[in-house]
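The following exercises concern the reading of a protein model.

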Amino acid sequence: MGVEFEPRIIAFMCNWCTYAAADTAGVSRMQQSLNVLPIRVMCSGRVSPEMVLRAFRAGADGVLVMGCHIGDCHYSNGNHRTIKRMPLLRNLLGYTGINPERLELQWVSGAEAPRFVEVTEAFIAKIRQLGPLSQEVME
Amino acid sequence: MSGNASEGTLEEIRKLVAERLALPVQAGMGVDGVVALRALNGNVAPHVFQKGDDLSELVIEPKYPLMTLVSKLHKRFPQIRLGVVARGCDERAYIEMAKRNQIDPARLTIIGFACTAEEAQACHCLEPYPKQLLVGAPPAPGQVNPLVAEYDAMTLVERRAFWRKQFEKCIKCYGCRNICPECFCEACAMEDKAWVEPGLLAPPFPMFHLIRAMHMASRCVACRECEAACPAHIPLTVLYDLLRRDMESLLGYLPGADMDAKPPLSVTLEETPLRTEAGH
Amino acid sequence: MDYKNTLTTCVYCGAGCQIYVETIDGQITGVWPAKTHIISEGKLCIKGWNVTEFVNSPDRLKTPLIRKEGQFVEASWDEALELIASKLGAIKNESGPDSIGWLASAKCTNEENYLMNKLARAVIGTNNIDHCARL
């Protein structure tokens, strides 16, 4: 067997909630894997399908979209669009033969640093099991 | 696509168009022109019939997405009043465009007619007639495309292989985007080099097609014009039909069905709630 | 309002797809593919869809241009043709007819390409003539 596969994950994080949680997790020196590349956006509603698809095209094995819980959005209802958009995009990936599990939507509030770690670690483990994206999209 | 439109249907439509053109515009009932198809020297193209035009040139096939022309004229001439000879798909396209301020319902009169059973089948159309039906009786609906009906049974590997083969044929002519009545964005994501790399035909991760499918999710009215315009015969609407199904089950929305239903992806959960929790 | 769809042939290649050039009050406003055409069947390639783009392009020349001291300067047709004829003649005398290459085009009519052939073969005396698509 060759080099063990290390998943490359891109995580879109909203500035007000999830990014704050990620910051807290880092400052508190919580144990975390190194597989996640964070991209800070002002609101999870900013994350367009194009951005998620570009992340996959660029080589991400998994994409996480994270933001405030419904009702807590800093812009009041930006995340309403996210919660409707992401299930459709997951389904679309499935229809084209890419495992829909590679895209996940999670709400993580600013106070939930441990949950941030939990969610990201679980996702990394899942993607490690699924294997690299290139297996499904042979270049 | 050839239907078996009876001469009677065509005569009735021409009569209704003539009547509409004869009404005075000032009275609020008349129109400046009627958008329909015109046959000239054996070829057919969209046309705006105006008072005095020879209506024996008006035909109803092969179909074109006439609402695109209506929208263009409504935007170019803010006072123009139009009629349009419309099939079911034309009316659905109109409903989605009107919601997005591309067509002004107050300045459009629909002269609706039913497709034939053969046309319905060729388009796999479930509602081959407009709500504002003036000519012809609703035929039997077309059967769902077997590929769509049996899609859930396909494994991920099979689906991948299928679309890989299909998208390899794509020559990026943008015909699907150009002919689509719902594609009116002046700044199109498909022309943004951040998303769709110029100089590269469909890569194995087909950005162009995936983005288009997502954009079509709340807009596609299953008129099948994109498939008719594709020189590579890619069955695009298989993907769009699957997403239409999801729009209905997840958000209770069917494009073209209801003028008062708001496009769910743009509005809040209070206006269009999710029916099931985040996807499977 | 004058709405017209003019049936024409795409100029970009030899397939000859039929398109309708849409004009409203004399202005080009778009393109429709001709669904009734037995060859193109209502489909177009990206060039066909954008075939009207060059018609009103600001890049189109309105007069001949001659380079004088490194700059393009407007000239008359007489001046331009005189210059071309004298220069080509000089080159032919100096380096022989085969030193001049000719590139014809799918955008021209068959008749124009025929004239190009005559000019190259009969007037200059070379068969070094080819087609822009082979560039």
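Two strands are said to pair if DSSP finds at least two bridges between them. The model examined here is predicted.

**Exercise 1.** Determine in what order the strands of the open sheet in chain C are arranged, and which strands stand at the edges.

*Solution.* 
Step 1. The open sheet of chain C is formed by 3 strands in the order β1-β2-β3, and their pairing is antiparallel.
Step 2. β1 (3-9) and β3 (27-33) of chain C each have a single partner strand, so they stand at the edges and one side of each is left without a neighbour in the sheet.
Step 3. On average, neighbouring strands of this sheet are turned by 30° against each other, direction ignored.

**Exercise 2.** State how many bridges join β2(C) to β3(C), and which residue stands opposite C:I24.

*Solution.* 
Step 1. Strand β2 (residues 18-24) of chain C is joined to β3(C) by 6 bridges, and the two run antiparallel.
Step 2. Opposite C:I24 stands C:Q27, which belongs to β3(C).

**Exercise 3.** Describe the contact between chain B and chain C.

*Solution.* 
Step 1. Chain B contributes 22 residues and chain C contributes 18 residues.
Step 2. On the side of chain B that touches chain C, two or more residues are given by each of β2 (43-49), α2 (66-76), α7 (175-179) and α9 (225-229) of chain B.
Step 3. The largest share of this side, 6 residues, comes from β2(B).
Step 4. Sorted by class, this side of chain B has 14 nonpolar, 5 polar and 3 charged residues.

Note on methods: Residues numbered from 1 in each chain as written. Chains lettered and ligands numbered in written order. Predicted model: local features only at pLDDT ≥ 70, side-chain atom pairs only at ≥ 80, totals over all residues. Contact = placed C-beta atoms within 7 Å. Helix = DSSP H or I, 4+ residues; strand = E, 2+ residues; numbered from the N terminus. Nonpolar A, V, L, I, M, F, W, Y, C, P; charged D, E, K, R; others polar. Axes fitted to C-alpha atoms, helices over the stretch in contact; angles between N-to-C directions.
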